[in-house]
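Colleague: Could you walk me through how to read a few features of this model? I'd like the general idea and then the case at hand.

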Amino acid sequence: MIITRTEDEINKLREAGKIVGLAHKYAQQFLKPGVTTKEIDDKIKEFILSKGCTCSFEGLYGFPGANCISINNEVVHGIPGDRVIQDGDIIKLDIGACYQGYHGDSAWSYIVGTPKSEKDVKLLERTEEALMAGLAAIHDGCTTGDIGAAVEKVAHKYNLGVVKELVGHGVGDKVHMDPDVPNYGKEHKGPVLHTGNVIAVEPMLNLGTADIYMLDDDWTIVTDDDKNSAHFEHTVLVTENGYEILTRRDIELDPEDVVK
């Protein structure tokens, strides 16, 4: 069942989304060669707690971290640990925050330091383009197929692999809710979305094959050909004529949160 949110729920979702967007800005300050993924995870968790939220992913389904941090050929669900970030790595931060029982969820991909190749730069640009294309298809009465078809069109334009086993989803008082929002599909097919619905759209696109597999840690998903992957995600509110991004990236950090 797809839930239509009340104004009070939407305001809580806005606050959760705001903190997620700010957490990404905060985390970017620490994305440097020589830092471990556990150190990044700890910094993000500390920030989220300081803003009166909790980490949505901490312990979710047994996940052994507070945030998902995936590197290079890792698509999603990377476990924070002692792995050291290298110059040129693609880092995917998937951050969730819970405010008064309601969640915000956003993933973003970053290149640390100097890019290793132009292909990596283009991969990130084009996956973000796919995200925005998917969002542009959203309005009252659209379908999840409209969103997926728009994402897939961009991916195919650039010959990128579309991960099909992992999808976007509804967001609310749980992190994952109905409906599934695939990154592929046909226009006018799938569940219909209406004003007041909240979903996460999250393209996961690969430089090579779309095929993936899970590592022995039972969490980390990697590309089958070891080529790099990118992941971009926003939580959005469906509105009458379009959408509102809840996990906004245009809000400035408080001065005390800026690393000198």
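**Burial, charges and space**

Modeller: Let's start with a pair: Glu 9 and Arg 5 are both buried. Buried means under 20% relative accessible area, exposed is over 50% and partly exposed is in between, using a 1.4 Å probe and protein chains only. Keep in mind that this is a predicted model, where local features need pLDDT of at least 70 and side-chain atom pairs count only at pLDDT 80 or more, while totals for chains, interfaces and linings use all residues. Residues are numbered from 1 along each chain as its sequence is written, and side-chain values use heavy atoms, with hydrogens and water left out.

Colleague: How far apart are the closest N and O atoms of Glu 9 and Arg 5?

Modeller: They are 3.2 Å apart, and the pair forms a salt bridge. That term needs a side-chain nitrogen of Lys or Arg within 4 Å of a carboxyl oxygen of Asp or Glu. The structure holds 14 of them.

Colleague: Which residue forms a salt bridge with Arg 14?

Modeller: Glu 244, with the closest N and O atoms 2.7 Å apart. Arg 14 sits in helix α1 and Glu 244 in strand β15 (residues 243–245), so this pair ties together parts 230 residues apart in sequence. Helices (H or I, at least four residues) and strands (E, at least two) are DSSP runs numbered from the N terminus. Arg 14 is partly exposed at 28% relative accessible area, and Glu 244 is partly exposed at 24%.

Colleague: What about Lys 116 and Asp 89?

Modeller: Their side chains meet in a salt bridge at 3.3 Å, N to O. Lys 116 is in the loop between β5 (102–111) and α3 (118–136), and Asp 89 is in the loop between β3 (74–76) and β4 (90–99), so the link ties parts 27 residues apart in sequence. Lys 116 is exposed at 52%, whereas Asp 89 is buried at 3% relative accessibility. There is also a network: salt bridges with shared partners join Arg 5, Glu 9 and Asp 173.

Colleague: Is Leu 31 buried or exposed?

Modeller: Buried, because its relative accessibility is 10%. Leu 31 is in the loop between α1 (7–28) and α2 (37–50), and its contacts beyond four places in sequence include Ile 85, Leu 93 and Tyr 110.

Colleague: How much space lies in the largest pocket?

Modeller: About 390 Å³. Of its 22 lining residues, Tyr 61, His 77, Asp 94, His 169 and His 176 are closest to the centre. On a 1 Å grid over the protein atoms alone, a pocket is an open set of points with protein on both sides within 12 Å along at least five of seven lines, a cavity is a set where a 1.4 Å probe fits but cannot get out, and lining residues have an atom within 4 Å of a point. Grid points are joined across faces, edges and corners, and volume is the space filled by probe spheres set on them.

Colleague: How many cavities of 30 Å³ or more does the structure hold?

Modeller: One. The largest cavity has about 60 Å³ of space, and β8 gives the most to its lining, with three residues.

Conventions: Contact means heavy atoms within 4.5 Å.
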